[in-house]
Amino acid sequence: MKNIAIAILAVLLLSANAMAAIKIDGRQARNMDDVRSLGVIYINHNFATESEADRALNEETEAQGAQYYHAVLTREPGSNGNMHASADIYR
């Protein structure tokens, strides 16, 4: 019984990782002819690190049903290094 539970957990973890959105750079975004732009997402939260912002953008990209995102991170002067995040999303 324990082995079955472990196997089910492994399958769920692998399938969750298989559906993760893919971060692309500006050059890739311009050269992707076979994808459709779904617009822009904005995360209205101050992030201390780029990895926090990327995680939030990845989650929101997936929630919008997109497969790819091109992140735009903005640091605001006088904000103690915090950043705001937005991304162009594509399917």
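Visitor: Which residues does Ile 43 touch, not counting residues up to four places away in sequence?

Guide: The model is predicted, and a contact in it means heavy atoms within 4.5 Å. With residues up to four places away in sequence left out, Ile 43 touches Ala 56, Leu 57, Glu 60 and Ala 85.

Visitor: Which element gives the most to the largest nonpolar core?

Guide: The largest nonpolar core has 14 residues, and Ile 43, Phe 47, Leu 57, Tyr 69 and Ala 85 have the most contacts inside it. At least two residues of this core come from each of β2, α3 (50-63), β3 (68-75) and β4 (83-90). The element that gives the most, with four residues, is β4.

Visitor: How many residues has the other core, which lies apart from the largest one?

Guide: Ile 24, Ala 29, Met 32 and Tyr 90 are among the members of this other core. Its size is five residues.

Visitor: Is Asp 54 buried or exposed?

Guide: Asp 54 is found in helix α3. Buried means under 20% relative accessible area. Because Asp 54 has a relative accessibility of 17%, it counts as buried.

Visitor: What is the length of the polar contact that joins the side chains of Asp 54 and Lys 23?

Guide: Beyond its neighbours within four places in sequence, Asp 54 is in contact with Lys 23, Tyr 69 and Ala 71. With Lys 23 there is also a polar contact between the two side chains, at 3.0 Å.

Visitor: Which residue in β3 is the bridge partner of Lys 23?

Guide: Strands β1 and β3 pair in the parallel sense, over two bridges. In β3, the bridge partner of Lys 23 is Tyr 69.

Visitor: What is the bridge partner of Tyr 68 in β4?

Guide: The pairing of β3 with β4 is antiparallel and runs over eight bridges. In β4, the partner of Tyr 68 is Tyr 90.

Visitor: Which residues does Ser 37 touch, not counting residues up to four places away in sequence?

Guide: Ser 37 is found in strand β2, residues 37-47. Not counting residues up to four places away in sequence, Ser 37 touches Ile 89 and Tyr 90.

Visitor: Why does Ser 37 count as partly exposed?

Guide: Partly exposed covers relative accessible areas between the buried limit of 20% and the exposed limit of 50%. Ser 37 is therefore partly exposed, with a relative accessible area of 48%.

Visitor: What is the distance between the C-alpha atoms of Arg 75 and Asn 46?

Guide: Arg 75 is found in strand β3 and, at 49% relative accessibility, counts as partly exposed. Not counting residues up to four places away in sequence, Arg 75 touches Glu 50, Gly 81, Asn 82 and Met 83. Asn 46 is 29 residues from Arg 75 along the chain, and their C-alpha atoms are separated by 9.3 Å.

Visitor: Where in the protein chain is confidence lowest?

Guide: The chain averages a pLDDT of 80, and 79% of the residues score at least 70. Confidence is highest in strand β1 (residues 22-23), at 94. The lowest, at a mean of 50, is in helix α1 (residues 2-18).

Visitor: How many contacts beyond four places in sequence does the model have for residues 12-17?

Guide: Over residues 12-17, pLDDT stays under 50.

Note on methods:
Residues numbered from 1 in each chain as written. Heavy atoms only, no water. Buried < 20%, exposed > 50% of the residue type's maximum accessible area, 1.4 Å probe, protein only. Core = buried A, V, L, I, M, F, W, Y, C linked by side-chain atoms within 4.5 Å. pLDDT = per-residue confidence, 0-100. Polar contact = N/O pair within 3.5 Å; in protein donor to acceptor, adjacent residues only side chain to side chain. Pairing = 2+ DSSP bridges.
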